[in-house]
Amino acid sequence: MTYIVEYMTQQHRCCDESFAAAEEAVSKQNWSEASAQMAVFSRDLGIHFTNEEEHLFLAFEEVSGNTGGPTSVMRVEHQQMRGMVESMTQALQAKDADNYLGLSETLMILMQQHNMKEEQILYPMTQQMLPDTAAVISSMNDL
Ligand SMILES: [Fe+2]
Ligand SMILES: [Fe+2]
């Protein structure tokens, strides 16, 4: 895969799958399945955020000379989402479906808006600006 937009968007879709599976399991009070799916989601989202923060955003910041722009907004949103995943994990451990589902609805909206900004603006911009996108992609971890 040679294109940043394609590679990163696929990682978003991958995270969406385990996120939805965890939510469905919680709504059925299937706690073992919910924990398994949440573990996958949490791991994959962590890998994806690290790919962005330590590789893609860094490359964008270097080539654009802009560290206070779109990538700083994305970094702040990652921290918000990490906090929500932590709260959801606690709700899951407490088998508190209502709390979990409330949090997951909020996270879904945050994540959709965040991913849309990346897929429609930041990834295409980075794709255009970087001299060697293949090198950046190969430096990142697959899910
Ligand atoms: Fe992101
Ligand atoms: Fe992303």
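## Exercises on loops and helix packing

Lys 95 counts as exposed because 12 other C-beta atoms lie within 10 Å (a residue is buried with 20 or more other C-beta atoms within 10 Å of its own, exposed with 12 or fewer, and partly exposed in between, the C-beta atoms being placed from the backbone). The model is predicted, so that local features need pLDDT of at least 70 and side-chain atom pairs count only at pLDDT 80 or more, while totals for chains, interfaces and linings use all residues. Residues are numbered from 1 along each chain as its sequence is written, and chains are lettered from A and ligands numbered from 1 in the order in which they are written.

**Exercise 1.** Determine where Lys 95 and Gln 29 lie, and describe the phi of each.

*Solution.* Begin with the backbone: most residues other than glycine have a negative phi. Phi of Lys 95, however, is positive, near 50°, and this residue belongs to the loop between α3 (70–93) and α4 (97–129), where helices are DSSP runs of H or I with at least four residues, strands are runs of E with at least two, and both are numbered from the N terminus. Turn next to Gln 29, which is not a glycine either and has a positive phi of about 55°; Gln 29 sits in the loop between α1 (4–27) and α2 (31–64), and it counts as exposed, because it has 10 C-beta neighbours inside 10 Å.

**Exercise 2.** Work out how α1 is oriented relative to α2, and characterise their contact by residue class.

*Solution.* First take the axes, which are lines fitted to C-alpha atoms, for helices over the stretch in contact, with angles running from 0 to 180 degrees between N-to-C directions. Those of α1 and α2 come within 8 Å and cross at roughly 155°. The two helices are therefore roughly antiparallel (under 35 degrees counts as roughly parallel, over 145 as roughly antiparallel, 65 to 115 as roughly perpendicular and the rest as oblique). Finally, sort the contact of α1 with α2 by class, which gives 14 nonpolar, four polar and two charged residues (Ala, Val, Leu, Ile, Met, Phe, Trp, Tyr, Cys and Pro count as nonpolar, Asp, Glu, Lys and Arg as charged, and the others, Gly among them, as polar).
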